[in-house]
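Dear colleague,

Please find the structure below, handed over for your reference. My notes on what was found in it follow directly after.

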Amino acid sequence: MYNIAIIGGGPAGYTAAEVAHQAGWKVVLFEKDTIGGTCLNVGCIPTKTLLYSAKQYHNARNAQKYGVTAENVSFDYLKMQQRKQKVVRKLVAGIRQRLQGCDLVNADAKVVERTDNKIIIEADGTRYEAGQLLICTGSVNFTPPIPGLKDNPFVWDSTDALSAKELPKSILIVGGGVIGMEFATLYAELGIPVTVVEAMPRILPQLDEDCVNLLIEKNRKQGITILTATKVLKAEENTLVVEEQNEEKITQTLSADRILVCVGRRANLQGLEALGDLHIERGAVKVNDFMQTNLPNVYAAGDVTGKVMLAHVAARQAEVAVGRMLKQIPLQRIAYNAIPSVVYTNPEIASVGLTVPQLEEFYREMEGEETFLKKGGAEAFFQVKQLPMTYSGRYVAENEGETGLCKLILDRRNQTILGVHCIGNPASEFIAAASFAVRMGYTLGEFRQVIFPHPTVSEILKEVVNG
């Protein structure tokens, strides 16, 4: 009998397995496909590998800005794909090495029985018993119920796009979220005509509006067409019929070689049917701060919880879940207010903490509408400090013709840092410093004491703080 059974070998699953094994537990991990899950095999890593290749091509074509001449620049998409697969294989092998000592079962698993002391799981005709269960079944691509999308050979999801051996001649992307905009960058930098159709009033609606507007400006210069407040009515082969969401309700027809649907993902609940009394909320497994479900020996981590569908969040949730199973003191919780997120467009957008609209909503609710307005509205409760990224010498040296933005949001009363939002390369590499400040509740004065190396783009944080 195992101490813990883990269903799903993505970032949550393999992290949990490693932590539990290091603690001396006997671990069995079930993964029906390849270890590493969506992120490593058909998500984060393949996307970033292809994006980097596209960026190298883009940089070579624009090298004259830096005094470099490159003639007859070309690319081989098949070789890009082959390199992507090599990167994935190498990282999968690394994870397998880390999991030595754990029993890995490469088969579809399903729970068949549960008591408060034992979980029985069946996989490939064999039954496995464990005292604790951690559900890490992840998420799956969601296709909206739009007529003509399902079973349409011209329609791709992100997995199809990543595995394609040839580039489309042109592409329509349904969904202007993180996945959609990263693919838009990939294809545009490789010279493919791109149109993004987004039903919301703007793309990337959860991110800082000023940062997003700068990205939109750059995207349009790259030739990316972005249609917002536009609803897809139906698909007919490689054609979409869309409708503008305004008073006129104007419809138009859009056509491209391929249609890529990127409207989000949904929690994967397959194999959990025997847990009939497991609490499901909004299509995901409901958990508390310690990743416990309503069942005493059943936990969940990662996308299946529906909280924040990011690989680094999944890994941290797994650590918290296993720590709770092991009764480690002090018990740890996840600081959801300090989770960094990155959109790997060009330029990158990186952020942590709350945005201005989120803070306005928070203070309105906390103070009450009447008091909120009486005290002077949003400006009485928080302040925004921001500078162009060009205040960093390193940024100017490496980003010819770019401006960028770094925005810091403070609680006006105690000067605590509540949010940091940046657009500019390489924002992804220094947002962790801002995440640390938000997580630890740094004040402006405390953050001023942090020494940043010079010259680095990260110094923009120091410039904004001192500005």
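Pro 330 sits in the loop between α8 (311-325) and β20 (341-343); helices (H or I, at least four residues) and strands (E, at least two) are DSSP runs, numbered from the N terminus. The peptide bond that joins Ile 329 to Pro 330 is cis, with omega at about 0 degrees. Another cis peptide bond links His 454 and Pro 455, where omega is about -5 degrees. Pro 455 belongs to the loop between α13 (444-448) and α14 (459-466).

Please note that this is a predicted model, in which local features need pLDDT of at least 70, side-chain atom pairs count only at pLDDT 80 or more, and totals for chains, interfaces and linings use all residues. Residues are numbered from 1 along each chain as its sequence is written, and side-chain values use heavy atoms, with hydrogens and water left out.

Most residues other than glycine have a negative phi, and most peptide bonds are trans. Leu 204, although not a glycine, has a positive phi of about 45 degrees. Leu 204 lies in the loop between β10 and α7 (209-221) and counts as buried at 3% relative accessibility (buried means under 20% relative accessible area, exposed over 50%, partly exposed in between, with a 1.4 Å probe and protein chains only). Ala 229 is not a glycine either, and its phi is positive at about 50 degrees. Ala 229 is placed in the loop between β11 and β12 (230-236) and is partly exposed, with a relative accessible area of 23%.

Turning to the helices, α3 (residues 44-61) packs with α6 (residues 178-189) at an angle of about 35 degrees, their axes being 9 Å apart. Here axes are lines fitted to C-alpha atoms, for helices over the stretch in contact, and angles run from 0 to 180 degrees between N-to-C directions. Contact means heavy atoms within 4.5 Å. On the α3 side, the residues that meet α6 include Leu 50, Leu 51 and Ala 54, and their partners in α6 are Glu 182, Thr 185, Leu 186 and Glu 189. The residues of this contact divide into five nonpolar, three polar and four charged (Ala, Val, Leu, Ile, Met, Phe, Trp, Tyr, Cys and Pro count as nonpolar, Asp, Glu, Lys and Arg as charged, and the others, Gly among them, as polar).

Helix α6 is mostly covered, with 10 of its 12 residues buried; among them are Phe 183 and Tyr 187. Gly 191, which follows α6, has a positive phi near 85 degrees. Helix α6 also lies across β8, β9, β10 (194-197), β11 and β15, running at about 170 degrees to β10.

These five strands form an open sheet with parallel pairing, in the order β8-β15-β9-β10-β11; two strands pair if DSSP finds at least two bridges between them. Its edge strands, β8 (155-156) and β11 (225-227), each pair on one side only. Four bridges connect β9 (residues 171-174) with β15 (residues 258-261) in the parallel sense, and Val 174 stands opposite Val 261 in β15.

Elsewhere, strand β6 (residues 126-135) has seven of its 10 residues buried, so it is largely enclosed by the rest of the structure. Strand β1 (residues 2-7) runs parallel to β6 and is joined to it by five bridges, with Ala 5 opposite Leu 133. Strand β5 (residues 119-123) pairs with β6 in the antiparallel sense over five bridges. The hairpin of β5 and β6 has two residues between the strands, and Asp 124 there takes a positive phi near 55 degrees.

With kind regards
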